[in-house]
Amino acid sequence: QVQLQESGPGLVKPSQTLSLTCTVSGGSITTNNYYWNWIRQPPGKGLEWMGAIGYEGSNHHSPSLKSRISFSRDTSKNQFSLQLSSVTPEDTAVYYCAGWGAAAFEYWGQGTQVTVSS
């Protein structure tokens, strides 16, 4: 059974860089045709897809975040990470990592709350 777990700071100051890591267990992030996503949900709003890193290391970004977002992975630890620069209070949200395969989000982390505040 594949499980995902987000980790990172719960509080980030404005203008700083938010870094989150998702640890995958029970499966490999290099499994063919799987894409490892970051999705967030601001308070009172819907889910927003931020981007993904592919099984082969490809990066895919939401156009609205492309200038501020980057992804990385550590295959030895079976982890993938998100870096979001120049954060503002509008980046306050619950952040989820999720695995996409076979045309669906098959796996989700439980989510982690990130608050941007001074």
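Modeller: The structure holds one of them. Before we go on, this is a predicted model, where local features need pLDDT of at least 70 and side-chain atom pairs count only at pLDDT 80 or more, while totals for chains, interfaces and linings use all residues. Residues are numbered from 1 along each chain as its sequence is written, and side-chain values use heavy atoms, with hydrogens and water left out.

Colleague: Which cysteines form the disulfide, and how far apart are their sulfur atoms?

Modeller: In general, a disulfide is a covalent bond between the sulfur atoms of two cysteines. Here C22 and C97 are the partners, with sulfur atoms 2.1 Å apart. The angle about the S-S bond is 60°, and the link is right-handed. As for strands, they are DSSP runs of E with at least two residues, numbered from the N terminus (helices are runs of H or I with at least four). C22 sits in strand 3 (residues 18-25) and C97 in strand 9 (residues 93-101), so the bond ties together parts that are 75 residues apart in sequence.

Colleague: Is C22 buried or exposed?

Modeller: Buried means under 20% relative accessible area, exposed means over 50%, and partly exposed is in between (1.4 Å probe, protein chains only). C22 is buried at 0%, and C97 is buried at 0% too.

Colleague: Next, pairing. Which strands does strand 4 pair with?

Modeller: Strands of a sheet pair through backbone hydrogen bonds, either parallel or antiparallel. The cut-off is that DSSP finds at least two bridges between the two strands. Strand 4 (residues 35-41) pairs with strand 5 (residues 48-54) in the antiparallel sense over six bridges, and R40 stands opposite E48 there. Their hairpin has six residues between the strands, and G44 in it takes a positive phi near 75°. Strand 4 also runs antiparallel to strand 9, joined by seven bridges. Strand 4 is mostly covered, with five of its seven residues buried.

Colleague: What is the order of strands in the open sheet of four strands?

Modeller: The order is 1-3-8-7, with antiparallel pairing. Strand 1 (3-7) and strand 7 are at the edges with a single partner strand each, so one side of each is left without a neighbour in the sheet. Strand 1 and strand 3 are joined by five bridges, with Q3 partnering S25.

Colleague: Which residues touch the most other members of the largest nonpolar core?

Modeller: A nonpolar core is a set of buried Ala, Val, Leu, Ile, Met, Phe, Trp, Tyr and Cys residues joined through side-chain atoms within 4.5 Å. The largest has 25 residues, and W38, F80 and Y95 touch the most other members. Strand 3 gives the largest share of this core, four residues.

Colleague: How many aromatic pairs are there?

Modeller: Rings of Phe, Tyr and Trp (its six-membered ring) pair if their centres lie within 6.5 Å; planes under 30 degrees apart count as stacked, over 60 as edge-to-face and the rest as tilted. A search of the whole structure gives eight pairs. One of them, W36 with F80, is tilted: 5.9 Å centre to centre, 45° between the planes. W36 is in strand 4 and F80 in strand 8, 44 residues apart, and both are buried. Y96 and W108 are edge-to-face, at 5.9 Å and 80°. Of these, Y96 is buried at 17%, whereas W108 is partly exposed at 37%. Ring pairs also link Y34, W36, W38, F80 and Y107 into a cluster.

Colleague: And what is the phi of N33?

Modeller: The phi of N33 is near 70°, a positive value in a residue other than glycine. N33 lies in the loop between strand 3 and strand 4. S86 also has a positive phi, about 50°, without being a glycine, and S86 is partly exposed at 42%.

Terms used. A disulfide is a pair of cysteine sulfur atoms within 2.5 Å.
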